[in-house]
Amino acid sequence: MSKKIIKAGYQGVPGSFSQQALIEYFALNIKHFTSDIEEHNFPDFEDVFIALQNGTIEYGILPIENSSTGGISETYKLLLKYDCHIVGERCIRVDQHLLGIKGAKLKDISQVYSHPQGYEQSSLFFKKHPNITFTPYKNTAESARYVAELGKKNVGAIASRKAAEIYNLDILAENINFNNQNITRFAIIGKNPEITDACNKISIVMTVAHTPGSLYKALSFFEKSNLNLTKIESRPLIDRPWEYFFYLDFLGNMNNADVQKALENVKTVSSYLRVFGNYVAHDVCIDEKEKKMANNIYGLIGEKLSHSYSPRIHSLIMEALKLDGTYKLYETDKDDLSDLILKLKSMNTIGVNVTIPYKVEVMQYLNNISPQAKAIGAVNTIVFNKDSIDGYNTDYDGFKMMLKRFNIDACGKAIVVLGSGGAAKSVVQSLLDSNVEKIHIITLDKAPDTEFYKNNKIEFISYDVLSQIKKDIIINCTPCGMYPNTDASPVNEEQIAGAEAVVDLIYNPSRTLLMKTAEKMNIKNINGLYMLVAQAVRAQEIWNKVTIDEKIIDQIYETLCTEF
């Protein structure tokens, strides 16, 4: 399967904040997660719009507003001129630095190049250095490149740390912008609107009659519809003195009745109204805690994850340990699995869990695998190190801890394991290490891993003979009975008769049909929620190199039992 190539463009040169916005937006946007990005850079803002119109690129990235200096006039003018739509946004924390060639000192600088916005954001610094004259340039990164080409000690540039690295310049003064919360918002533009239920921000432009109360009337419709305006800015209309375009951002979705009503009412009092776009707002991390959380990324890889409990479990673990981080769900197809792994590593992800059906498949993409995971032949926990991607199996630990917690002793017992996949392997290895008498495996897999199951205590049997054999504990390692197929059970009353305990690794629903059947027959039964929590705690221990008290597992398990 060939990967999709997305062509995206920005104004400037490598090392610009626009390029950073492009990289971050497409790297973190789930819709484009496993796509390759083909970057195009252009000399001027309008070139980006032209390339979008003629099909050279599919998306453009342009700065639209800065928290210190306000809106970017040129971007607003071009949005009016061209038929395009805002489909997303990305906010970038902008730290400006004064750069010079190697060997230059701050005292040497008499002239500085920068985009006017970069200079305005650093105006207080230059008031303290009045001997430095300012020369406007296309953008900050281009300024850095130009200064590197000039090679003069007396010439500097205002640009990013990345630009200094790319163009081999020294940082002569760090963080010269006067606002330490200096943030630039970038608009992602496309030829067509991309409105989904997740879109929660709308950008419009309007003009109103040059009469008393006309603007008030237009704005009142947003208040009446209980819509929150997050921005309003005016720009003069060319050739119509003292009349203005009003640019507004507000929270909402175009499919919402209140939004539709407000815009219909605004039309009645405006002489011009255009919706630039409806998109997902990006909340930039302002305080250091949020910033750290954004950098400490964990997650779960699987095929279908919409009903996963893992984000909630890891949130509770991190809360209990006072760890900062965010836990995300990454749904993927088998063909995109390798690309997803590499993408996550490039994002400096700390670690991820792996669930069905990729616990075995993922092993081929790892550099190192723990002896236990290698013996089991399945990985459910990945750590992204600087120079390697390593795999572990914490299901083994989770299962063992679950049996201990619920006083189910497998030693010397006859066990029936339903299934032969990655979860079943962890269970079987744990059982063998617990010195069980016999393990009967029932599987619908036509080609189970016979090498792993080559043990004189293991025997493959069919469902037909299950009711006839000795069985002390039945363990379901299949998805049969899992949400939404809650009316299914892998075995019936006759087949589980005689067992002293039934363990169902499924935890959603909390009471499967198999468990209900066992309950009806007065057979002890548990679901896999405790195992899920225990293996998650073990994963956090590996990711963060800490030891976690088992009491925390009990606390989180009890909390989840009341929630689900």
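These legends describe close-up views of a predicted model. In this predicted model, local features need pLDDT of at least 70 and side-chain atom pairs count only at pLDDT 80 or more, while totals for chains, interfaces and linings use all residues. Residues are numbered from 1 along each chain as its sequence is written, and side-chain values use heavy atoms, with hydrogens and water left out.

View 1. The structure holds two cavities of 30 Å³ or more. A cavity is a set of points, on a 1 Å grid over the protein atoms alone, where a 1.4 Å probe fits but cannot get out; lining residues have an atom within 4 Å of a point. Volume is the space filled by probe spheres set on the points, with grid points joined across faces, edges and corners. Helix H1 (17-28), strand S3 (59-66), helix H4 (116-121) and strand S11 (183-190) each supply at least two lining residues. Helices (H or I, at least four residues) and strands (E, at least two) are DSSP runs, numbered from the N terminus. H4 gives the most, three residues. The lining divides into six nonpolar, 12 polar and no charged residues. Here Ala, Val, Leu, Ile, Met, Phe, Trp, Tyr, Cys and Pro count as nonpolar, Asp, Glu, Lys and Arg as charged, and the others, Gly among them, as polar.

**View 2. The second largest cavity.** Its volume is about 50 Å³. Residues lining this cavity include Ile204, Leu248, Arg185, Lys231 and Asp249. S14 provides the largest share, three residues. By class the lining has seven nonpolar, one polar and three charged residues.

**View 3. The open sheet S13-S14-S12-S15.** Four strands pair in the antiparallel sense. Two strands pair if DSSP finds at least two bridges between them. Strands S13 (229-236) and S15 (270-279) stand at the edges with a single partner each, so one side of each lacks a neighbour in the sheet. S12 (residues 201-208) and S14 (residues 244-251) share six bridges. Ile204 has Leu248 in S14 as its bridge partner. Both Ile204 and Leu248 also line the second largest cavity.

**View 4. Strand S16 beside S17.** S16 (residues 297-302) and S17 (residues 326-331) pair in the parallel sense over six bridges. Ile301 has Tyr330 in S17 as its bridge partner. Six of the six residues of S16 are buried, meaning under 20% relative accessible area (1.4 Å probe, protein chains only). Ile297, Gly299 and Ile301 point one way, and Tyr298, Leu300 and Gly302 the other. In a regular strand the side chains alternate between the two faces of the sheet.

**View 5. The second largest pocket and helix H18.** A pocket is an open set of points with protein on both sides within 12 Å along at least five of seven lines. This one holds about 1,100 Å³ of space. Among its 43 lining residues, Thr355, Ile356, Lys359, Pro479 and Met482 are the closest to its centre. Helix H18 (529-544) is one of the elements that give two or more residues to the lining. The lining has 20 nonpolar, 17 polar and six charged residues. In H18, 14 of the 16 residues are buried, so the helix is largely enclosed by the rest of the structure. Just after H18, Lys545 takes a positive phi of about 55°.

Definitions and conventions: Buried < 20%, exposed > 50% of the residue type's maximum accessible area, 1.4 Å probe, protein only.
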